[in-house]
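This briefing is meant to be read beside the sequence and the model.

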Amino acid sequence: MANDGLVRHVERWADRGAALLSHSRELLAQIKACNALYKVHFPVRLADGSLRVFEGYRAQHSQHRIPTKGGVRFSPSVDQAEIAGLAALMTYKCALMDLPFAGAKGGVRFDPRQATPELRERVTRRYVVELDKRGFIGPGLDVLAPDMGTGPQEMAWIADTYMALHPGNLEVFGCVTGKPIGLHGLPGRLEATGRGVWVGLEEALAFEEDVAPLGLEPGLRGKSIAVQGFGNVGFHAARFLAEAGARVVAASDSGGAVHNPDGLDVVALRAHKRDHGSVAGFPGSTTLPCRDAVLEVDCDVLVPCAAEGAISEENAGRVRAKVVAEGANGPLTPKGEEILLERGLFIIPGVFLNAGGVTVSYFEWLKNIHHVSFERLTKRREAMSKRLLVEAIEDLAQKTFASELREHLLRGPEEIDFVNEALAQTMSTAYLEIRDAWKRYGCRDLRTAAYALALDKVAENYLTMGIFP
Ligand code: NAD
């Protein structure tokens, strides 16, 4: 897909949502426009002593709330349109999740897999310096996070560079989320997007009246799942879905695709990918003729977790799933989506479904600016209350709980418990709101409802500022 596709697609989806609202055209135009876009070239010295000039971007789509928030992508596909489209998606995503952020996105155009760790570090640090010169990074300005091609290590370099540029600033660690735990990161952040995909899908499949027309029973148990893109989002989504009783029958990555109608052992598949560089050739599975064949596997739910534009008018007619659950950003083109909707598929849009990462990033940012972990003030107090209750019950019943259960009941909450429960709560509330809007607006699909709801929430912010009539 040409990169300007995504930005146009997001605009088109926003237009569809906007058509359901009665806000002024000027207000909607303000919301849709990308407010600030920074393109920068910077030189980095390579190991052989030569210089290479890198092209970087940061887009702040909206400033109706500050800071802005969004990931950083290292990929050869990075360009202005891709980054602007992804930044717009972040605005709508944050609004749907009721997070106090507006959307942003950034990236550097290069392939990190072809780069040494030293080069990745130099590119990351220099990118931060360039962003800092123009106010495109900061705990109260613009908060970075991982995306394709970046992870906790890059986030650590970002935090360290920002800290060096801002000595004495107490909130420096709030300039980036997705950091390693030892560097004020948050347990649960790495797997948060995949966990959110699981929770969101569970919510969406819970309503009999929504799934019965697809010939499905409510719930995840026994559902067959195909996952495109077995990376961070894809692997964790597959793992949580399998733990919830679904059967992961196919998975792919850039090196190939594998299939087993009886179900794949997701954790063993991950180990195989780590050892061999790809899921292809996983013992006990059939390696499909090409990686895109995973999109056409017979299954209940297809979960695309790779790149943009995976399902277009070219292959949408061959998708055999009944539900498409978008783990990736923009995996369907509008034309591909149109074909799926006409064929009666149920589509759970990524603007909602993959928002688990930014939601937990919000918790990490909160922890960083408050300088306290979530369990620190309450853990002992909660454990004490539980002990009183357990002992009172045992007193009344004149017997004690089995020791394992007793230990479980008495345990105070860990930080990860707060994170996971708050994430589940946020995903679940957002889904119910989107579904409610879907019914209220009487629109055909969940995505249109989600965009209408997100636009309405952002509009509400602008209206309270008193700028627009
Ligand atoms: P990742 O780099 O960890 O994983 C991507 C995986 O997709 C890799 O295994 C890669 O081999 C595979 N892949 C790439 N092209 C493919 C193709 N054509 N067919 C099959 N597999 C292919 O990236 P990620 O962080 O998991 O992100 C995946 C998607 O989810 C992106 O669209 C990203 O923007 C989106 N997303 C990620 C997060 C997050 O927290 N990581 C949050 C929200 C959205």
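The notes below begin with the basis of the values and then take each topic in turn.

This is a predicted model, in which local features need pLDDT of at least 70 and side-chain atom pairs count only at pLDDT 80 or more, while totals for chains, interfaces and linings use all residues. Residues are numbered from 1 along each chain as its sequence is written, and side-chain values use heavy atoms, with hydrogens and water left out.

**Nonpolar cores**
- A nonpolar core is a set of buried Ala, Val, Leu, Ile, Met, Phe, Trp, Tyr and Cys residues joined through side-chain atoms within 4.5 Å, where buried means under 20% relative accessible area with a 1.4 Å probe and protein chains only.
- The largest nonpolar core has 90 residues, of which Tyr92, Ile348 and Phe352 touch the most other members.
- Helix α16 (residues 446–465) gives the most to this core, with 11 residues; helices are DSSP runs of H or I with at least four residues, numbered from the N terminus.
- A second, separate core of 27 residues includes Ala36, Phe136, Tyr162 and Val172.

**Helix α12**
- Of the 15 residues of α12, 13 are buried, and the helix is mostly covered.
- Histidine 371 follows α12 and has a positive phi, near 60°.

**Second largest pocket**
- Among the residues that line the second largest pocket are Asp210, Trp438, Arg444 and Asp445; a pocket is an open set of points on a 1 Å grid over the protein atoms alone, where a 1.4 Å probe fits, with protein on both sides within 12 Å along at least five of seven lines, and lining residues have an atom within 4 Å of a point.

Note on methods
Buried < 20%, exposed > 50% of the residue type's maximum accessible area, 1.4 Å probe, protein only. Helix = DSSP H or I, 4+ residues; strand = E, 2+ residues; numbered from the N terminus.
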